[in-house]
Amino acid sequence: MAASVWIVIVNYRTAGLAVDCLRSIAAQIAEFPKLHTVVVDNASGDGSAEKLKEAIERDRWSGWAFVVTADRNGGFAYGNNVGIR
């Protein structure tokens, strides 16, 4: 039985880097069928959340990846806690 694994990626105005990270995870997804990824946009205010959602939809990653938008930028730990919740 495979364990369920959750990855939290915190993004702040670096949508391109977050998409690159998702792409590297996508290359491994077949080996980890219970892998899920939460990308937390830490109130970037630059359209990052929309870019991330578009990439997930375009590249058909929605089965294992999704975006959560934080209500404020409380820092890295805050973003991780948003993703964990």
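**Exercise 1. Is W6 buried or exposed, and what is its relative accessible area?**

Solution. The model is predicted; local features need pLDDT of at least 70, side-chain atom pairs count only at pLDDT 80 or more, and totals for chains, interfaces and linings use all residues. Residues are numbered from 1 along each chain as its sequence is written, and side-chain values use heavy atoms, with hydrogens and water left out.

Step 1. Set the classes: buried is under 20% relative accessible area, exposed is over 50%, and partly exposed is in between (1.4 Å probe, protein chains only).

Step 2. W6 has a relative accessible area of 51%, so W6 is exposed.

**Exercise 2. Describe the aromatic pairs.**

Solution. Step 1. Rings of Phe, Tyr and Trp (its six-membered ring) pair if their centres lie within 6.5 Å; planes under 30 degrees apart count as stacked, over 60 as edge-to-face, and the rest as tilted. By this rule there are two aromatic pairs.

Step 1. One is formed by W6 and F66, with 6.3 Å centre to centre and 80° between the planes, which is edge-to-face. W6 belongs to strand β1 and F66 to strand β3, 60 residues apart, and the pair thus links distant parts of the chain. F66 is partly exposed, at 39% relative accessibility.

Step 2. The other is formed by W61 and W64, with 5.9 Å centre to centre and 45° between the planes, which is tilted. W61 is buried at 7% relative accessibility, and W64 is buried with a relative accessible area of 9%.

**Exercise 3. Work out the strand order of the sheet and identify its edges.**

Solution. Step 1. Strands (E, at least two residues) and helices (H or I, at least four) are DSSP runs, numbered from the N terminus. Two strands pair if DSSP finds at least two bridges between them.

Step 1. The three strands form an open sheet in the order β1-β2-β3, with parallel pairing. β1 and β3 are at the edges with a single partner strand each, so one side of each has no neighbour in the sheet. From one strand to the next, the twist averages 25°.

Step 2. β2 and β3 run parallel and are joined by five bridges. V38 is opposite F66 in β3.

Step 3. Now place the helices against the sheet. Axes are lines fitted to C-alpha atoms, for helices over the stretch in contact, and angles run from 0 to 180 degrees between N-to-C directions. Contact means heavy atoms within 4.5 Å. α1 lies across β1, β2 and β3 and runs at about 160° to β1. Helix α3 (residues 76-84) also lies across β1, β2 and β3, at about 140° to β1.

**Exercise 4. Which residues of helix α2 are buried, and how are they arranged?**

Solution. Step 1. In α2 (residues 48-58), S48, A49, L52, A55 and I56 are buried.

Step 1. Seen down the helix axis, these residues fall within an arc of 130°, so they line one face of α2. The arc is taken over the directions from the helix axis to the C-beta atoms.

Step 2. E54, E57 and R58 are exposed on the other side of α2.

Step 3. The cover over the buried residues of α2 includes β1 (5-11), α1 (15-26), β2 (35-41) and β3 (65-69). Just after α2, R60 has a positive phi of about 60°.
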